[in-house]
Amino acid sequence: MKKAHMMIVTAAVAALGLTTALNVTNANEAAGEEVKTVAWYVANIQDARAQNQACHDNPGIQASANCANSLHALEITFTGGN
């Protein structure tokens with residue numbers, strides 16, 4: 001019985017993650033902006049800082065992939081990749 005519950009919980013978490021990813025993608029497509037990867041932001045750290053500032057200033061775009069990717073790039077850069 002517990003195994004069945006774990007499978008249901010796992011499926012629910014996976015569905016939630018997929019829904020969140022689709023919402024972020026849809027937000028970026030609706031805004032018509034190109035989604036840049038974390039690696040791109042790491043290689044272009046000034047752009048990562050500018051994007052992160054724009055995300056901070058505009059709560060409406062905080063859920064976008066570019067906001068997440070630029071923040072992740074800044075975290076990687078300033079924590080030594082840990």
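Trainee: How many helices and how many strands does the secondary structure of the protein come to?

Mentor: This is a predicted model. Read along the sequence, the pattern is α-α-α-α. The secondary structure therefore counts as helices under the DSSP runs used here. The totals are four helices and zero strands.

Trainee: What share of the residues in the protein is buried?

Mentor: A residue counts as buried under 20% relative accessible area. The protein has 82 residues, and the buried share of them is 20%.

Trainee: How much of the accessible surface belongs to carbon and sulfur atoms?

Mentor: Start with the total. The accessible surface of the protein is about 5800 Å². Of this, carbon and sulfur atoms hold 64%.

Trainee: Which residues form the largest nonpolar core?

Mentor: In soluble globular proteins, nonpolar side chains tend to be buried together. Here the largest such core has six residues. Its members are Val38, Tyr41, Ile45, Ala48, Ala73 and Leu74.

Trainee: Which elements give two or more residues to this core?

Mentor: Take the core members again: Val38, Tyr41, Ile45, Ala48, Ala73 and Leu74. Helix 2 spans 38-43, helix 3 covers residues 45-57, and helix 4 covers residues 65-79. The elements giving two or more residues are helix 2, helix 3 and helix 4.

Trainee: Is Ser70 buried or exposed?

Mentor: Ser70 lies in helix 4. Setting aside residues up to four places away in sequence, Ser70 touches Tyr41, Ala48, Gln51 and Asn52. Its relative accessible area is 0%, so Ser70 is buried.

Trainee: Which residues form a disulfide?

Mentor: A disulfide is a covalent bond between the sulfur atoms of two cysteines. The structure holds one. The sulfur atoms lie 1.8 Å apart, and the pair is Cys55 and Cys67.

Trainee: Which parts of the chain does the pair link?

Mentor: Cys55 and Cys67 are 12 residues apart, and the pair links distant parts of the chain. Cys55 sits in helix 3, and Cys67 in helix 4.

Trainee: Why does Cys55 count as buried?

Mentor: The cut-off for buried is under 20% relative accessible area. Cys67, its partner in the disulfide, is buried too, with a relative accessible area of 5%. Cys55 counts as buried because its relative accessibility is 5%.

Notes: Residues numbered from 1 in each chain as written. Predicted model: local features only at pLDDT ≥ 70, side-chain atom pairs only at ≥ 80, totals over all residues. Heavy atoms only, no water. Disulfide = S-S within 2.5 Å. Buried < 20%, exposed > 50% of the residue type's maximum accessible area, 1.4 Å probe, protein only. Contact = heavy atoms within 4.5 Å. Areas by Shrake-Rupley, 256 points an atom, 1.4 Å probe, with all protein chains shown as cover. Core = buried A, V, L, I, M, F, W, Y, C linked by side-chain atoms within 4.5 Å.
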